[in-house]
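Colleague: I would like to learn how to read helix packing and nonpolar cores. Can we work through an example?

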Amino acid sequence: QASMASDFAIGQFAYLKKLLLVHGHWCYSRLGRMANYFFYKNAVFVFLLFWYQLYCGFSARSAINDWNLILFSLLYTSAPIVIVAVLDQDLLPETLLTEPELYRTGHSHLRTVRKRFWLMMLDALQQTLAMFYVPYLAVYHSDVGLYEFGSIMTTAAVLVVNLSLALDVFHWTWLVHAIMWGSTFSFFLASVVASSIVSTPDYFVFLHCFAKGSFWLIQIATVVVALGPRLLVKTLHAGFRPSQIERMRILERIGVEHEGPGSDLDGGESQLPRIQESERF
């Protein structure tokens, strides 16, 4: 009866080791990243609309059509983070089992959620400045209309948000690839369909944009400017101040086998402190 009334039931205590050290660690990591990412992607869209309001007298008029206002959070950017939050693995199960000390990084990850939240808000602010002002300066004094400018901004937002998540994915599988790039492709498909409807105010606008080479050049420039600082910071941090997770991932890549007393949970000392002192990357 106790087993039937409980949320989780474990047949043997031997199963607790993998449940706690492997799945527990992954769960902490996934939950912290998923919560911050949902706030981040919504902040991106809000900031993007705010920058446009500065140039339209806060009239509440939007350069983005109704389809994309609804589907941005519902379809284009939601499915990737959901599948990443379910399947992503920052470290291999064998590494987590042989180095129990890594379980603590899950707790520390949740404790720093607030700090990571504000860092992601700053990142969203910087990225939206690039998403708005790079296209704005590129089409300044041109004959680009309201909805054409909105199409450029929306495309950049979808690409930057999904590519930003892709930079943080540890474990790529065919399903993650399918959802990640399928969601991005769904934006282009939905935009073409909406642009083909005669009764819509932005009729044929997306099709006109997609056929212009300058449109794609603006997208490339926007993505580089928006994601460049984030990629630079991640590279410098991994090179000069790597975290425990980053150190262990490096060891996994070079094929170091984690063997020793740390693999025995009944006694002995984990090898993680020794590895941290000896491997200064």
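Modeller: We take helix packing, then the cores. Keep in mind that this is a predicted model.

Colleague: How are two packed helices described?

Modeller: By the angle between their axes and the distance between the axes. Here, helix H8 (residues 146–167) packs on helix H9 (residues 174–195) at about 180°, and the axes are 10 Å apart. Angles over 145 degrees count as roughly antiparallel, so H8 is roughly antiparallel to H9.

Colleague: Which residues of H8 and H9 make the contact?

Modeller: H8 brings Thr154, Thr155, Val158, Leu159, Asn162, Leu163, Leu165 and Ala166. H9 brings Met180, Trp181, Thr184, Phe187 and Phe188. Sorted by class, that contact has nine nonpolar residues, four polar and no charged.

Colleague: On to the cores. What is the general idea?

Modeller: In soluble globular proteins, nonpolar side chains tend to be buried together. The largest nonpolar core here has 50 residues. Tyr40, Phe72, Tyr76, Val84, Met131, Phe132 and Val160 touch the most other members.

Colleague: Which helix gives the most to this core?

Modeller: H8 does, with eleven residues. Helices that each supply at least two include H2 (14–53), H7 (113–138) and H11 (213–240).

Colleague: What does Phe72 touch, leaving out residues up to four places away in sequence?

Modeller: Lys41, Phe45, Thr77, Ala157, Val158 and Val161. Val158 is also part of the contact between H8 and H9.

Colleague: What does the second core include?

Modeller: That separate core has eight residues, among them Trp26, Leu96, Ile245 and Met248. In helix H12 (residues 244–253), Ile245 and Met248 are buried, as are Arg247, Arg249 and Leu251. Just after H12, Gly255 has a positive phi of about 80°.

Methods
Residues are numbered from 1 along each chain as its sequence is written. This is a predicted model: local features need pLDDT of at least 70, side-chain atom pairs count only at pLDDT 80 or more; totals for chains, interfaces and linings use all residues. Side-chain values use heavy atoms; hydrogens and water are left out. Axes are lines fitted to C-alpha atoms, for helices over the stretch in contact, and angles run from 0 to 180 degrees between N-to-C directions. Helices (H or I, at least four residues) and strands (E, at least two) are DSSP runs, numbered from the N terminus. Angles under 35 degrees count as roughly parallel, over 145 as roughly antiparallel, 65 to 115 as roughly perpendicular and the rest as oblique. Contact means heavy atoms within 4.5 Å. Ala, Val, Leu, Ile, Met, Phe, Trp, Tyr, Cys and Pro count as nonpolar, Asp, Glu, Lys and Arg as charged, and the others, Gly among them, as polar. Buried means under 20% relative accessible area, exposed over 50%, partly exposed in between (1.4 Å probe, protein chains only). A nonpolar core is a set of buried Ala, Val, Leu, Ile, Met, Phe, Trp, Tyr and Cys residues joined through side-chain atoms within 4.5 Å.
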